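Here is a walk through one protein chain, from its overall form down to a single position. Please keep the sequence and the structure in view while reading.

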Amino acid sequence: MTRVCVVGAGAAGLCAARHLLVTPGVIQVDVLEQSGALGGTWVYTENVGYDDFGLPIHTSMYKSLRTNLPKEIMGFPDFPVPESEKSYLPAKDMLAFLQLYADRNGVTKHIKFRQHVQLIIPKAGPKNELWDVTYKDLGTGVSVTSEYDYVFVCNGHYNTPFIPNIPGLKKFEGDVMHSHDYRVPELFTGKRVLVIGAGPSGMDIAFEITRVTTKVILSHHLKEKPKSEFPDNLVLKPDVVKLDGKKATFADGTEDEVDVVFLSTGYLYNFPFLHESCDIVVEDNCVEPLYKHLVNIHHPTMCFIGVPYYVCAFSMFDLQVRYFVRSMTGVFKLPSSKEMIQHWEEEKVERAARGYTKRQAHMMGPDQERYYASLASEANTDNLPSVITKIREESSLRFLHNIQSYRQDVYKIIDDDTYEIISNGKKEILC
């Protein structure tokens, strides 16, 4: 009889619980959620910094956020986002979707809200390794320790800001903010803002704040310069070399005076509740050692759902969960620790040879289809259809080159390989 702890009630945790609840032999599924609501990063709050219990605010959601991928590829394989006229949805619709997913699959009643996971530690059991999970009820202040057979770590990776090492940043005489704490643009009214980082949130927020700022400088190192038409008060610049007072110096030698440095520089993987005996190390944002970016190699009854990025997230969560659950139930057997270590080391060497840095250890992008196929084939489970990665790539290109209106595009999946897109009133079928 198997007892499972799921850390986090965001999309990954909900997906884990949904599958575990119908897994033969699983008698207990506890989803431990630090906040008072499910949904993880899709929960909006105007609060930033720390919550009422002195814990860091988890969500990075800003008020106006709409998805940067179409809803047609944002659902789960067995539970698509409900039909609607638009493809790009506001955050509240995605949160409602996750609530529906949890309710329909009987997950909600298994969530223990306001439970702060303090420590996870492995221990020897009579047959297999077990886990002691200590968590604190934030309402009562009481901590308890429960024993589990398996642990699913689903705490997300959009909650601990990455602050780059830019000379002069710590002594900058204006304001410094990370996108994690951004909620509304009015904070920047009449100011000159330097946005560092041109990922989806950096581009989106830079574009949004132009309506209240005197000037926005978007510093980036994109290999392909965006073809989007930006407002007159937004200019693109290369990387920032240094900051001095309120002056920013760029890689092309140009300088600008700015009032705010806005860091849209991404996030760090962070698992503060894992005891060192879990044998998981995060160095230069590489989580290791993980087999297939998923299984704790030294303690294979622990998995991490959702570590890879630049993926079709919810679908990938589902495939990762199915993979790990099938290893739990004996549908297939994980390789030995020695074999898994060898696989991980070989993958690191192969990725480095293709130009990936250690910090990009879990970046998929063009590798995602190969990654999905490797999980599906080893676990003998259904792969994800190629159409979702095709739509993701098309949508990402349109975001880069038409940021003003790409969210007006409407997508429709025709089959596993083919989709339809309506843009500016024109219909196009792609495969």
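What radius of gyration would a compact globule with 431 residues have, and what does the protein chain have? The globule would have a radius of gyration near 22 Å, and because the protein chain has 22 Å, the two agree. The model is a predicted one. Along its principal axes, the C-alpha trace spans about 65 × 50 × 45 Å.

Secondary structure in the protein chain amounts to seven helices and 23 strands. Of contacts between residues at least 6 apart in sequence, 60% link residues at least 24 apart. Buried residues make up 52% of the 431 in the chain.

The chain carries 46 positive and 55 negative side chains, with the centres of the two sets 1 Å apart.

The last stop is Val331, in the loop between helix H4 (313-328) and helix H5 (337-353). Is Val331 buried, partly exposed or exposed? Val331 counts as partly exposed because its relative accessibility is 43%, a value between the cut-offs of 20% and 50%. Apart from neighbours within four places in sequence, Val331 is in contact with Arg326 and Ala379. Thr418 lies 87 residues from Val331 in sequence, and their C-alpha atoms are 31 Å apart in space.

Note on methods. Residues numbered from 1 in each chain as written. Predicted model: local features only at pLDDT ≥ 70, side-chain atom pairs only at ≥ 80, totals over all residues. Heavy atoms only, no water. Helix = DSSP H or I, 4+ residues; strand = E, 2+ residues; numbered from the N terminus. Rg over C-alpha atoms; globule rule 2.2 N^0.38 Å. Buried < 20%, exposed > 50% of the residue type's maximum accessible area, 1.4 Å probe, protein only. Contact = heavy atoms within 4.5 Å. Lys, Arg positive; Asp, Glu negative; His and termini not counted. Charge placed at Lys NZ, Arg CZ, Asp CG, Glu CD.
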